[in-house]
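Trainee: I would like to learn how to read helix packing and a chain interface from a model. Could we go through one case together?

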There are 2 protein chains.
Amino acid sequence: MQALEQLRGRLAELSDLGAMQMLAGWDQLVMMPAAGAASRAQQLGTLARLAHERATSAELGGWLEEIEAAGEAAGLDELDRDIVRLARRDWARARCVPDELAVERARAEADGQESWQRARADDDFKAFIPALQRNVELAREYGECVAQAGESRYEGLLGDFDFGLRTDQLRRVFGALAQALPPLADQARVHSPKRTLEVPVAAQQAAVAGTLRRLGVEDTSWRVDVSAHPFTAWVGRGDSRLTTRYGDGDVESLLSSLHEYGHALYERQVDDALDRTNLGTGTSMSIHESQSKLWENHVARSPAFAEVLAAELGAGGFSVSAGDLYATLVGVEPSLIRVSADPLTYPLHIVVRFELELALIDGDLAVADLPGAWREQMQRLLGVEVTSDALGCLQDVHWGAGAFGYFPSYALGCLIAAQLWEAMEAELGPREEELRVGEVVPIQRWLAERVHRFGRRLDTMPLVEHATGRPLEIEPFLRYVAPLAG
Amino acid sequence: MQALEQLRGRLAELSDLGAMQMLAGWDQLVMMPAAGAASRAQQLGTLARLAHERATSAELGGWLEEIEAAGEAAGLDELDRDIVRLARRDWARARCVPDELAVERARAEADGQESWQRARADDDFKAFIPALQRNVELAREYGECVAQAGESRYEGLLGDFDFGLRTDQLRRVFGALAQALPPLADQARVHSPKRTLEVPVAAQQAAVAGTLRRLGVEDTSWRVDVSAHPFTAWVGRGDSRLTTRYGDGDVESLLSSLHEYGHALYERQVDDALDRTNLGTGTSMSIHESQSKLWENHVARSPAFAEVLAAELGAGGFSVSAGDLYATLVGVEPSLIRVSADPLTYPLHIVVRFELELALIDGDLAVADLPGAWREQMQRLLGVEVTSDALGCLQDVHWGAGAFGYFPSYALGCLIAAQLWEAMEAELGPREEELRVGEVVPIQRWLAERVHRFGRRLDTMPLVEHATGRPLEIEPFLRYVAPLAG
């Protein structure tokens, strides 16, 4: 069928353009000389514009119509049916946004990031109000546009990151976390207190390299580089690139390199047959985050794998017992900053943001009242006093960049990781003995089979159910953190 | 005028796509894990196809027509007139090639490179004949297509690399070189014999880094990396990337890094106003090669700059006198291989290739007779016996990759470099004293003013005349090599 061939040709082109955006973004943060920034911004703009133009073209809509009109006669196999289904969904979502709104949002997001940067540096929330206000308004308008039948504006926004999430579901899950976690945190800060471990950079580098090598990271199809903020890029089949950073006197690099490894492994293990289609990448932000959190929380932060990490640090010339290292990696202390939060209190930072962004979008919270509401929530959920907006509601770039509906995926990732881990252990048996010697192949295989290979064929919640046999639950995560509370 | 704006928008887009091709190519050779090759080939194919599609679109032709029809009323300034002139030329050249021919050529070039690789490895010219034959036929057909009125097929082919070159002119210039150089080579191999100098890699690395730093290569807008074959990429304003390689026991890295520096400097010094237009890059292969050869032959291979290079090697822990280093960098010995030829005999390797490719395209030489003709010419011009086709007519990839008309630029580059150098010294005075202390700013400025800033606004020969006040001559090059013959 010619329309199907044309559609698949266009989707392959869009996949290649996406890979070039990934490469140009990676290069910008890892390799590019600083003076190349202005040119790179223009080049990225051109790639994005071209990709958008060709993803929303009338001819693509024509091919879809032709294929759909043929119905059974088109003789599509299951894979092609999924390709057409997602192509229709993506096309409809992109087409329903008026050009002027898209342009306005792009401008407001750029302005917002700039304004946020200055406001945070000056700890001056007032200066940020106009730009944030504009982004809230445009997000509401945009959410309205893209919401499916029966969805709220906020659910429309969620759909950009996690298609099909419902606000009620988030309220229920996050409400339960808000009940269960604070008392656990109180116990854990005593039972598993925060500790520091001063590890020289050279030993961290050796340990990161040695650990990643044990997980299958070899030079022929991986790169490991350094960047200001760790991230992962998948530039093509057999081309996975993760970055990390090394601070003197901490062990963040051990956690963050396994975190990024989880993102990279997900993309690597998508079924080859989906390559260069619209299904050939991770399905959502939540599932992506579940993959990074699985390796960060359940592997790197396990007592068993601490033996491997301690051995690798030892090979790098730094001596520490597995027990001390484990205690450092899991120490609990409620704090102000999300990105450096411990594994137990981390989801509470997200609950704060979810409730506030939902209120902003629903019109129940005025932008000017955000700092006060932030302080209240931090006090209520984490028991900490917010001493400045820079360390409070100005700490994250997301809202200033127009990204509403993004935060939930961070906490959902923690929950899904725990649920997947339990399902995997129920099936394969406890991982402890194998993790102690760094054996992870069965984990990689189970994830490939149950999660990775599907690419975008299953959305977040259906994938969780398919992989674990149950809808999303918070209990596995609570069972994961329980030992920290003693 | 709206059509002009649309045209300039499209040209900016094409410039950005070109930069992304440059980046993806650089990354492939310098950074990419090996297993990413298949994806990268597809990505590069998509970028090339998209760029071609948008460079040859009917709408672009429509904008040109509209602008041209408006004539004086369009009110174009000089820059816009050049933009429109070159856009018309490029569009017409690209449009006159039938799609089937373009597809056939792409396929034959890919096959040809593969076949060449095997044939060279096996020293089996016969196995290469069918693929080469096919590329010759398609090149003839293509040359016919793109030849301007009054041009031959071969001149059509030349136009892809150096617009406006005439075969007669090349015959005359290369004929004169074929007369003048062999007797000089005979004397030079005695007076300036080839020498070797075993320089440890670490000292070469230090010397390359130190020398490039003196030429203004700093981290904020340059990268210097290692790759199997040295090359240069210009990814954007303020983003120049050159590569080099280090062999144990030679000094090639000193020459090749200055060679690549010359290419990079040319692109860096194109007038900012031409950025993201169709004029914002180097004008031709010959002029590009003249810029690399100027730094390689006239700076790196000068007795004065040898003092800088010797000092930088000394700082790297390797002691050599400037005189000995200079003698090593210029030693003459006729040999079989073009890429490692000395500065005096190098152009003779090109004369051989020019005469043979012209005969292939004109139909005066059968592909099967190429090895014999090659041996004859090498004997006649360089006085060397070709001991195998692998070291003879199979040594270069160009013809197997369908690139006929490319070789002349290598020799023209040597000639133009010498002519520019003389014109510059006539104007600024001898460079010797300044080169001795590594002062090159006046050279950079003169090149920017006379050559670089024009981008594509002047073609090869008009640019030579404009910069030097004379048409292309061989005498400056002969004067440059004369001291080697004593």
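Mentor: We take a pair of helices, then the interface between the chains. Keep in mind that this is a predicted model.

Trainee: At what angle do helix α9 and helix α10 of chain B pack?

Mentor: The angle is taken between the axes in their N-to-C directions. For α9 (residues 201-214) and α10 (residues 252-268) of chain B it is about 30°, and the axes lie 10 Å apart. Angles under 35 degrees count as roughly parallel, so α9(B) and α10(B) are roughly parallel to each other.

Trainee: Is the crossing of α9(B) and α10(B) left-handed or right-handed?

Mentor: α9(B) passes α10(B) in a right-handed crossing. On the α9(B) side, the contact is made by B:Gln204, B:Ala207, B:Val208, B:Thr211 and B:Leu212. α10(B) contributes B:Ser253, B:Leu254, B:Ser257, B:Leu258 and B:Tyr261. By class, the residues of this contact are six nonpolar, four polar and no charged.

Trainee: Now the chains. What area is buried between chain B and chain A?

Mentor: About 2,900 Å² is buried, with carbon and sulfur atoms giving 55% of that. Chain B brings 37 residues to the contact and chain A brings 38.

Trainee: Which residues of chain B lose the most area to chain A?

Mentor: They are B:Met20, B:Pro33 and B:Gln43, which together account for 18% of what the chain B side buries.

Trainee: How many salt bridges does the rule find across the interface?

Mentor: Between chain B and chain A the rule finds eight. A salt bridge also joins the side chains of A:Arg241 and B:Asp27, at 2.7 Å from N to O.

Terms used. Residues numbered from 1 in each chain as written. Chains lettered and ligands numbered in written order. Predicted model: local features only at pLDDT ≥ 70, side-chain atom pairs only at ≥ 80, totals over all residues. Heavy atoms only, no water. Axes fitted to C-alpha atoms, helices over the stretch in contact; angles between N-to-C directions. Helix = DSSP H or I, 4+ residues; strand = E, 2+ residues; numbered from the N terminus. Parallel < 35°, antiparallel > 145°, perpendicular 65-115°, else oblique. Left-handed = near helix turned anticlockwise from the far one by under 90°. Contact = heavy atoms within 4.5 Å. Nonpolar A, V, L, I, M, F, W, Y, C, P; charged D, E, K, R; others polar. Buried area = accessible area lost by both parts, 1.4 Å probe. Salt bridge = Lys/Arg side-chain N within 4 Å of Asp/Glu carboxyl O.
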